[in-house]
Amino acid sequence: YSWDNVVGESNGIIIRGSCVQLPFSVHKIMKRLNTNSLLAFIDSHIVSYPTPVNLNYLWSFGSLAGICLCIQIVSGMFLGMHYTANVEYAFNSVEHIMRDVSNGWFIRYIHANGASFFFITVYIHIFRGIFYGSYIERFQLWLVGIIIFIAMMATAFMGYVLPWGQMSFWGATVITNLFSAVPAVGTVIVEWLWGGFSVDNATLNRFFSLHYFLPFIIAALAVIHLALLHENGSTNPSGVDFGGDYIFFYPYFYVKDLFGFLIFLLVFTIFISFYPNALGHSDNYIQANPLVTPAHIVPEWYFLPFYAILRSIPNKLLGVIAMFLAIIILLLLPIISTSIIRVTNYRPVFLPIFWAILFDFTILGWIGQKPVESPFMEIGFFGSFLYFFFLAYLFPCIGLYERSVFFVYLQRSFKNAAYRLK
């Protein structure tokens, strides 16, 4: 993007071609900052980054996800100072944080609810990307984004084990046992994950280490994601290569993102202060007991859609394959997509399918927390079938249909134009 060819000035804002700039005094400061390579990087990717003027608030969830990651890393570091990764003391160390450590309850609730809010922002970010076609012709960007999502799921699962409550222990037992479905080497993989013949002290230790380490990998992937985004520029709600005005990210979209963050902070604070356990499970306040199995083993809410797909298939191996395929299919959207139109608003055939996908995903999340009995089993199986039917079959087929309609329309337009010239 070029800032050349000054064409005018209005209210102290300099207009250069199709770009809007800040007053000259601000640019003079920026030029001085650019003498330092680190500050130049911050300037080019955050301060002076040219941003399409028509971005809406849905684009703020990317930066919100980055803020959530920072909150999780900082609060996790403070919790790690008082946590003991030992099956004899883990549960009591969490209670020590809640009762004895100064403001420990507040830090723990920030971390526990922060994970849920992190997933809320990321889910909105992913579905916004699907709605506005952010995966089209941006395979690397989408690939890194879904890898971040997978790393988040792994980190959250291991973090859920650390309090060593009933749901922690039995959730770890059930999920790690899934790998036993792998033919020939399944048992070896499970014992390697456990560090023994059952979920025990070795399992807790390695889960704590990986849970502490993985967020920094996610942060590195987030930087790569941002760099890939800025390589070709942000998409926009119009869904076409933008020919309108570009403005600096700072201060315009900085203020917009700041407003979104303040709304997020308000809702987040309400949850921490008044409903800190609304998104958790009460059984996790009972210390882990390998001899007592909970009536219903339920993971955290953000795993429920994929957990419902796992449970909907009676065969263990096929259920595991279906669960992993449900995540991998998101990874492959840029490959299976055949549409030449980005924004779902301009795709009247796909628009109801998108809302059906979102509704189906929500229903699967609801089914995932229900007991394995009729009619929930049948609803879960039908919802799982629709999930793959929408994404694996209708997703590419609708794109091909739109292409055929578009080319037929073009042919007719050319024929009409040629007829008029005659």
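Which residues lie nearest the centre of the second largest pocket? I looked this up and found Met153, Ala154, Phe157, Ile175 and Phe179, among 28 residues that line the second largest pocket.

**Ground rules.** I am working from a predicted model, in which local features need pLDDT of at least 70 and side-chain atom pairs count only at pLDDT 80 or more, while totals for chains, interfaces and linings use all residues. Residues are numbered from 1 along each chain as its sequence is written, and side-chain values use heavy atoms, with hydrogens and water left out.

**Second largest pocket.** I used a 1 Å grid over the protein atoms alone; a pocket is an open set of points where a 1.4 Å probe fits, with protein on both sides within 12 Å along at least five of seven lines, and lining residues have an atom within 4 Å of a point. The volume of the second largest pocket is about 800 Å³, a volume being the space filled by probe spheres set on the points, which are joined across faces, edges and corners. I sorted its lining into 25 nonpolar, two polar and one charged residues (Ala, Val, Leu, Ile, Met, Phe, Trp, Tyr, Cys and Pro are nonpolar, Asp, Glu, Lys and Arg charged, the others, Gly among them, polar). Helix α6 gives the most to this lining, with six residues. Helices are DSSP runs (H or I, at least four residues), numbered from the N terminus.

**Largest pocket.** The largest pocket has a volume of about 1,400 Å³. I noted 48 lining residues, with Gly62, Ser63, Gly66, Leu226 and Leu229 nearest the centre. Helix α3 gives the most to the lining, with nine residues. By class, I have 29 nonpolar, 15 polar and four charged residues in the lining of the largest pocket.

**Helix α7.** I checked the length of α7 (residues 166–177): twelve residues at 1.5 Å each should span 16 Å, and the end C-alpha atoms are 16 Å apart, which agrees. The expected span is 1.5 Å times one less than the number of residues. Nine of the twelve residues of α7 are buried, so the helix is largely enclosed by the rest of the structure. Buried means under 20% relative accessible area, exposed over 50%, and partly exposed in between (1.4 Å probe, protein chains only). The buried residues of α7 pack against α6 (139–161), α8 (186–194) and α9 (201–232), with contact taken as heavy atoms within 4.5 Å.

Most residues other than glycine have a negative phi, and most peptide bonds are trans. I found Trp164, in the loop between α6 and α7, with phi near 60 degrees; Trp164 counts as buried at 5% relative accessibility. Ala184, in the loop between α7 and α8, has phi of about 75 degrees but counts as exposed at 84%. The Ser374 to Pro375 peptide bond is cis, with omega near 5 degrees.

**Salt bridges.** How many salt bridges does a search of the whole structure find? I count two, the criterion being a side-chain nitrogen of Lys or Arg within 4 Å of a carboxyl oxygen of Asp or Glu. Glu402 and Arg347 meet at 3.0 Å, N to O. This pair links distant parts of the chain, 55 residues apart, with Glu402 in helix α15 and Arg347 in the loop between α13 and α14. Glu402 is buried at 10%, as is Arg347 at 1%. Glu95 pairs with Arg99 at 3.2 Å; both lie in helix α4, four residues apart.

Technical notes: Helix = DSSP H or I, 4+ residues; strand = E, 2+ residues; numbered from the N terminus.
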